[in-house]
Each structure stands twice: as C-alpha cells, then as structure tokens.
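Let's take a walk through a protein together, one feature at a time. Keep the sequence and the 3D view open while you read.

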Amino acid sequence: MIEQSGLLLCVFICFLLYHAVRAEIPLGSRLSVVDNGSWVSKNGNFTIGFLKISDEPGQFSFGIRFSDKSIPYSQQRMVWSADFLYGVGNMSYFLFTTDGEMVLFDDQGMPSWSSQTSNKGVVSASLLDNGNLVLIDREQKVIWQSFDSPDDTLLPGQFLSCDKMLQAASTNLLSSYYTLSMNVSGHLMLLWQGIIPYWTSQNPSVPNLTAYVTNNGALQLLDKNLNVVWTVFGEDHDEYVKYRFLRIDVDGNLRLYSWVEALQSWKSVWQAVQNQCKVFATCGKRGVCVLSSCGTADCVCPFNQTDTDETCFIPYEQKCKHGSTMVAYRHIHLYGLYPIDGPAIMTSVNKCMQLCQNDSSCTAATFSNHVLPQCSIKKSEYVTGYLDPSPNVVSFVKSCSSTSALKFPCQSSPATEEDPHTCVPCLIGISLATIIIGVVLQLGCYYYLFIYKRKTSTRCKYNLPSADTNLKGLVVLLSFSEIKSVTEDFKDRIGPNMFKGMLLNKFPVAVKELIASIDARKFRTAVLKIGGIHHKNLVQLEGYCCESNHRFLVYEYVKNGSLEKYIDDSALCKELTWRKRVDICLSVAQALNYLHSECREFISHGNLKCENVMLDENLKAKVSESGFAIVDGEAVYCAFSAKRDIADFGMLVLTLLTGCRDQSDLCEWSYKELIEGNAANVIDKRIQGGANSNELERVLRIAFWCLQSNEHQRPSMEDVVAVLDGTLSIDPPPPPF
C-alpha cells in the first residue's frame, strides 16, 4: 500500500515538473547576504534567498518566500527554510556546488545545512511556480525537492505523508514544542512534545492517508488512490484567492491562511482548535489559560507567585511544617508538566480530593464528569491548564497550611458544607494567637538589636584585619602585609597563583593573586559589584587587596579543591559518579544563569574551566573567579559576552563527561559518536555504574548546542538549566564545528 501511494505521488510530481513553468538554476550558482541576491520563479510568485528576521538584529533566514509584487515585503511569508528554527548571520552564503549539492554556509564558512545530493547526477535546480524547489538529473528525474522536507508550512499541491511532519517555529532555539503528523490509523494529530495529542482529525481510520491543501481553500486527506476521505473548508472556500497556505503556528494551532488583497494582509480562514486555551500548555509554566473578551488567550497564576520569571508553581512542599490542606478551584482544568499526568482514575469528586491529600507526592488533582467521572493526579510543581465553564470540573490544589492561595477569583474552599454563622471560639483563638505573635516579634527585635548585632560586630572586628567603609561591609580591604600574614608568606599553594590562608578567627580563605595590570579605580569598582552577589553555586568574595601594583582577591575556602584535581586523579575521579557529574553540570549552569540574567547587571565569567569549579565537602560545585579575565596581560572585568561563557560551559561539560583533558579533537570525536548512536562511547570509563542513556543524550545535546560556532545558535543559560533539570526538551544539534 505504501509503495502504491509512493507511485501515485511520483506521478503527481512528474505532472508538476512538466506542467509548471520553472526557473532554471545552473550548477555553481551562489547567493549571499552581502550581495542580497535571489532566485525567482518564472511567474514571480516565489523567491529563494535570504530574508531578514525582523526581531533578531543581524539574523537572517534562507529559504523560499512569497514574492508577488502585490504582497508587501513585511508580509512575504517564508514557506520553506533551510535553517529552520535557528537562522544564520550576515556573512552567510548559499552555494549550488558543481557536483550537484546545495549547501548553506554560516558566518564562519562552515556548512549549516545541505541537500546531501553530491555526486547523484544533479545537473540543475528549478524553483517551480508552485513554490517547490527541485534538483533534477539529465533525465528530468527529481533527486531532491523542498516539498519533501517541510518545516511548518504546507502549500497547495504539497503532500504530507505519514513519514513527514510539520514542526512549529519557536522563540526557543533548542526545541519546538508543537508538531503536526499522521498516525498509523490515518488521523492528523497535533502533538505537544511528540507525546500529548490535543487535536485529532475526525475521519474514519484508514491507513496510509496523505494530507493535501487544495487551491480552492480546503484541507483534505486522500487515500492511496487519491480519493478524498476527509475534508475541512476555509471560510472563503471556492472564492478566488491567489495565495493560500497551511501552517502550524508558534502557539501550537493549525491554521489555513488566505491572502486578502483589499486588506493587504494574511487572514486565518480556518483553525483546528477553536479555543486557543485547549492547545496543550498554551501558558506553559505561566499558569492557567483564560480567554479574554476579545478571544485572546491570557495566562493567570491562581497561586501565590514569588518567582521573578513569572513561573507559576504550586505552593506545596512535601515537608510542610504544619501539614497540608486542599484548596478547590472550580471551573479550572489543570494538568501537570514535567512530569505529565498519569492515566485518569474513575472515582467520585470527594475520593479524588482524598487521593491527592493522602499521597505525599501529589501536588494537585482535577475531577471532571463530562461523560464519565474521572480524576487525574498531578505530581509536579509545574502545572498549567485552562478555565472550563462546565460545572462538572473542579481542581484541588495542595498547599502547606501556612501558605495561602488567594489570587484567583474562582477559588473556593473544598467541597464541604459549613455553618455560615460566626465561629466565636475561632475568633478567640485568633486573638490569642495575635497577642502571642506580637510578643514573639518584640522579643525577636530585642535579640536582634542588643544581642545579635553586638555579636556580629564583635565577630567582624576579629574576623578580618581591616574594613573598607566604602564597600558597605560586603568585602574587606586588606593591605599587602596583611595578605602576607593571612597566607603565612604564601606558604600553602593550592592552585595557579592561589594560596590558602587563615583569618584571625581561624576562618579559612583562598587568596588569588592577579598577575596582570588593572587600574586601581576599575579594580575597586569591579570588586564592589562582585562582592555584592550571593548564590549557593558561586564562591563568595570575602576581601581584596589593592596596594601599589599588588592585586589580590580573597575568596571563601572550598574544602575539596577544584574539579580539575578530581578529574586528573585516578582515585578521586571514582567519587565523581554519573549523578554527581550531572549535578555539577546543573550547578555550574545555575551559577552562570545567575550571573547573566539574575544580577542587577550582567556579569560574564570570562574564564570558565575545570580549575575554576570548586567542590565542597559534599562534592557540590561552586564557580570561582567570576568577572575577571586576563587579556594580553591585563585583568579586565566583564570583557566577554554571555555567548563566550556558554561555549566555555559546553566544553566543560564534555571534559567532565569524558574525563578527557585534551580538548584538541574532543568536540569533533564526541559529536560523531553521538550522531552515530554511540553516545555511551564518550563516557569516562572510570565512572562506576555507567550512565543513564536518556540523560546522557540530553546532556550531550545541550553541550553541542552551547558549542555552536555560530554564537547566535547558542542557547541562553536559562534554557540550559531547563534542559538539564528535565523541564525542557531539546532537539539534536547541528554540527558545532
């Protein structure tokens, strides 16, 4: 059956080749961003070339777009792209080689994409009038065509068979959450992350169907004999419309678009999911989806929200000090993310609430009774969902008793009946509690003002030899003689230009000498900024010396020393289990993310490597020496971009996973092993117990995304953290070299 479908498809393509006028493209042709050239179809309706990505400075996409003179440049939608999802820079170029291969080169002159048709007899290329780019041999046989490699768009005349899919574009460089594909039963399905279906075509189950967009505005499913099995129509069906296309949009909805000449814009004439809130994870980790009065999807967090990044968490911790309670949210349908919900349970509404209440790992439960009474249990702090007007839907959210959740108007108490009269004993209890709390607060203030502050001032007095009043007590200024005293004249060397020291109260420190010149004023300013940052995965800066030509930084001492020491030592490295190594990667990523995006101003590390990652007594990682880098013998503060740190992080991950300190061929070799399905070969053989294969694949993928030679393709550290902690999926990376 599949062979018959393929034969019919070939016949159809041959029909296109002989009846569609085409523009010939000879071997050796070249396009570049600088030259601003393009190849145009014979009818002028389509152009292949570079298109500026409007919201990305210096970023371009190469592909096929509408180019009719009646369509303004801003409305010339891309219908196929060679660099889908990530784009290229302004020094990129596209080459149709003399041996018949089309290749897209990035800013560094490295191949970013190719048609992989070298030495297959290709003699020319053609951009057909229907928007299909084809490579053909001397016998006019199609060797390759863009219609067989769709990204997010389907044009009239283009087939989507069961072995193809449309993938939504994404603002996230690492992955696209939404896809459209055909299952084995012949149903079109919209999927979230390839596993959660949220829309399915309502056609009979017939295997080996093919999706097809007609010129008169319909989406059809065709069987092996090209008979129509299922059809949906756009609202302008059978009207004359010059241009149409089907696209899975960034928001996960599938839409059919028509060009409206009078409005000079594209109009959606059909969409698969009428209520955008029913698209799975429309709000992602930002809460519950609510349709506004004008039909747009708004995201609201019904719980107390404390995160600055607007992530909506369930306010529950498994170790609640005062127990937990269930809060009911009527007309709200919740579902879990990372992990997703398990199978629904048939039970009553009260039993549903009790199941979650009695399960310490349960964070929320949703009961619905549309056809059958069903209960779905969530075991994630990340939940999303939508407002459901049905009276048969209620969600129960677990909350620590000391936590309240009063932000959402739909909240109500759990489904129990209570006496509406005033509870006098309750009022008495509340009054007594208020008095007791007031007394405790007063005693606390007394302790802080007269005892704690006195102890603190005494401790500070003896901790460090002197203090710099300009730095508000965050870091301490030491003289060079005090540095010599603290380090006992630099007796205990613990690393390159690094010495162990001891303050007067026996508080151990690590003293780093900067063997580089830096202006005293710039040095003090940088120290002030670095000393003001605090993170569990950053080594704290305690003091500094800026006297004459001496520049020293005084850090907290981290007991187990550097990651480099553990990797190089055959005995110590055995303590770095697979779990420890992944945790170290995550800790370093969290530290860099804090420096890049969570401080008051951006701070680059500038010199991330194994020597600068310290391990405490529990082998927890802390990043040291943030902010300063040595460039041509001069110490500079924040001299590099975030993209430099991200590439350094990628190499650190490879070094940690492989145990290989020789980095000359490490990247190319390990990438080759990953792509060929031999990821296990790159693992440090000294790791006892091996590695989790799925986790290994994920960590290697993010490492190679970080190492992309085109820095615009590198992810942010926020995305890196999300991938490492398992809350974000990631696509296979292109070659990084």
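This is a predicted model: local features need pLDDT of at least 70, side-chain atom pairs count only at pLDDT 80 or more; totals for chains, interfaces and linings use all residues.

A disulfide is a pair of cysteine sulfur atoms within 2.5 Å. Residues are numbered from 1 along each chain as its sequence is written, and side-chain values use heavy atoms, with hydrogens and water left out.

How many disulfides does a search of the whole structure find? The search finds five, and we will visit some of them. To place them, we need helices (H or I, at least four residues) and strands (E, at least two), which are DSSP runs numbered from the N terminus. We also need to say how hidden a residue is: buried means under 20% relative accessible area, exposed over 50%, and partly exposed in between, using a 1.4 Å probe and protein chains only.

Start with Cys-277 and Cys-289, which are joined by a disulfide with an S to S distance of 2.0 Å. Cys-277 sits in the loop between strand E24 (265–271) and strand E25 (288–291), and Cys-289 is in strand E25, so this pair ties together parts 12 residues apart in sequence. The torsion about their S-S bond is about -70 degrees, so the disulfide is left-handed. Cys-277 is buried because its relative accessibility is 3%, and Cys-289 is buried at 1%.

Next, Cys-283 is linked to Cys-299, S to S 2.1 Å. With -95 degrees about the S-S bond, this link is left-handed. Cys-283 lies in the loop between E24 and E25, and Cys-299 in strand E26 (residues 297–300), so parts 16 residues apart in sequence are tied together.

Cys-301 is buried with a relative accessible area of 6%, and Cys-312 is buried with 1%. By contrast, Cys-610 is in no disulfide: the nearest cysteine sulfur, that of Cys-585, is 9.7 Å away.

Now turn to a pair of helices. The axes of helix H7 (residues 578–598) and helix H8 (residues 642–658) come within 11 Å and cross at roughly 170 degrees. Axes are lines fitted to C-alpha atoms, for helices over the stretch in contact, and angles run from 0 to 180 degrees between N-to-C directions. The crossing makes H7 roughly antiparallel to H8, a label for angles over 145 degrees. Their contact (heavy atoms within 4.5 Å) includes Cys-585 and Leu-592 of H7 and Phe-649 and Val-653 of H8.

Finally, four strands form an open sheet in the order E3-E4-E5-E6, with antiparallel pairing. Two strands pair if DSSP finds at least two bridges between them. Strand E3 (38–40) and strand E6 (78–81) are the edge strands, each pairing on one side only. Three bridges join E3 to strand E4 (residues 46–52), and Trp-39 stands opposite Ile-48 in E4.

Definitions and conventions: Angles under 35 degrees count as roughly parallel, over 145 as roughly antiparallel, 65 to 115 as roughly perpendicular and the rest as oblique.
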